[in-house]
Amino acid sequence: MARVYNFSAGPAVLPEPVLQAAADEMLDYQGTGMSVCEMSHRSSAFQDIIDDAEASIRKLMGIPDNYKVLFLQGGDSLIFATTFINLATNGKADYIVTGNWSKKALKEAQILGDPKVLASGEDKNFSEIPDLTNLDVRPDASYVYICENETVHGNRIWTLPDTKGVPLVADQSSMFLSEPVDVARYGMIHAGVQKNVGPAGVQIVIVREDLIPDDLPGVPTMLRFKTQVDKGSLYDTPNCFGIYMCDKVFHWIESQGGLEGMKAKNEEKATLLYDYLDNSDLFQPTVRPGSRSIMNVPFVTGDKDLDAEFVAEATKNGLVSLKGHRSVGGMRASIYNAMPLEGVQKLVAFMKDFELAHKA
């Protein structure tokens, strides 16, 4: 069966050369006589893999030496809590709420301490980023938290807020490694890899070392960043195969021109899709210009039955996983790094045909 164009928000499409390389090594990784899936995380072969993964992502992103890189498990849903536990040592952190994932991060902080909402776009159904100028940041806040690209609602913070000296923490999951980023502007970046980087099961954390507390009395060992820092992400058995796949994707991105190359490709795909949506009589984008993600593009027809028909027909035509998130409805095309331009071109062509067939 031919491969489909997979517009899933995650787990998402991966580069075909990476999948093929992994398939070629599935039974015998570089002469070890075993798969990475079977390999001890204490072996020299796996140590080489994780060392190369860290070196590769440091090179790609230009990560300063005073930042630690961790390959963790538990996903965003755990990191929301561990971020507060590790960084909000005085129990205070400020949050900007721009969609589903920043709301979930806030919810975890509310369980654990005293978070403050600085701004929210919920009153406009997260169709645009709220005003982030002159925020009332508490001077004693441990950090200001953002979800820089909201996967569900398809919006994006394009101008980072002035946090008035308070460290900025960003969930970059659905935009991670899609463009260059100045890591030094953040106290911490975290990202689930299942969108742009690898299979589900790895959470990459890039955190400035001075923000990591030496001791957290009463906090379980595995919830402390320092535990994994001290052991090079190998305190317990990590997601070995996931890290191996991430490393292959890091090298693939480098071969595509690095993050500058990815940015150019991603902007071309997004421009093609948004240009069509902005001129369509049937489909409408749900996020206003200036707040739009170039990774996740939600859109609707205004008729739930027609939306369902579109998704079903698209699936028959090899354009899969276009159904919008259950909390939003409509459709959503996630056009991550590994989605080729041809996939977006075929999607737009199908949308044009569908629109023509349903013209009143």
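Predicted model: local features only at pLDDT ≥ 70, side-chain atom pairs only at ≥ 80, totals over all residues.
**Entry 1: strand S10 and its neighbours**

I began with strand S9 (residues 188-192), which runs antiparallel to S10 and is joined to S10 by five bridges. For my own reference, helices (H or I, at least four residues) and strands (E, at least two) are DSSP runs, numbered from the N terminus, and two strands pair if DSSP finds at least two bridges between them. Residues are numbered from 1 along each chain as its sequence is written, and side-chain values use heavy atoms, with hydrogens and water left out.

Looking along S10, I found that isoleucine 206 is the bridge partner of isoleucine 189. I then turned to strand S2 (residues 67-72), which pairs with S10 in the antiparallel sense over six bridges, and there leucine 72 stands opposite glutamine 203 of S10. As a reminder to myself, strands of a sheet pair through backbone hydrogen bonds, either parallel or antiparallel.

Is S10 mostly covered or mostly open? I noted that S10 (residues 203-208) is mostly covered, with five of its six residues buried, where buried means under 20% relative accessible area, exposed over 50%, and partly exposed in between (1.4 Å probe, protein chains only).

**Entry 2: backbone angles in the loops**

Next I looked for backbone angles worth a note, keeping in mind that most residues other than glycine have a negative phi, and most peptide bonds are trans. Glycine 10 and proline 11 are joined by a cis peptide bond, with omega at about -5°, and proline 11 is in the loop between strand S1 (5-6) and helix H1 (16-24).

Phenylalanine 126 has a positive phi, near 55°, although this residue is not a glycine. I located phenylalanine 126 in the loop between strand S4 (114-120) and strand S5 (144-147), and this residue counts as buried because its relative accessibility is 4%.

Leucine 177 also has a positive phi without being a glycine, near 60°, and is found in the loop between strand S8 (168-171) and S9. With 2% relative accessibility, leucine 177 counts as buried.

**Entry 3: a sheet of three strands**

I then traced an open sheet of three strands, ordered S11-S12-S14, with antiparallel pairing. Its edge strands are S11 (284-285) and S14 (331-334), each of which pairs on one side only. Between S11 and S12 (residues 296-300), which run antiparallel, I noted two bridges, and proline 285 has phenylalanine 299 of S12 as its bridge partner. Helix H7 (residues 258-279) lies across S11, S12 and S14, running at about 20° to S12.

**Entry 4: two pairs of packed helices**

Two packed helices are described by the angle between their axes and the distance between the axes. In these entries axes are lines fitted to C-alpha atoms, for helices over the stretch in contact, and angles run from 0 to 180 degrees between N-to-C directions.

At what angle do H3 and H4 pack? Helix H3 (residues 75-87) and helix H4 (residues 100-112) pack at about 45°, with their axes 9 Å apart. H3 is therefore oblique to H4, since angles under 35 degrees count as roughly parallel, over 145 as roughly antiparallel, 65 to 115 as roughly perpendicular and the rest as oblique. The contact (heavy atoms within 4.5 Å) includes Phe80 and Phe84 of H3 and Trp101 and Leu112 of H4.

Helix H2 (residues 44-61) and helix H6 (residues 240-255) pack at an angle of about 40°, and their axes are 9 Å apart. H2 is therefore oblique to H6. Among the residues that make this contact I listed Phe46 and Ile50 of H2, together with Tyr244 and Phe250 of H6.

Lastly I followed phenylalanine 241, which is found in helix H6 and is partly exposed, with a relative accessible area of 23%. Which residues does phenylalanine 241 touch, not counting those up to four places away in sequence? I wrote down Met26, Val36 and Cys37. Phenylalanine 241 and aspartate 24 are 217 residues apart in sequence and 14 Å apart in space, C-alpha to C-alpha.
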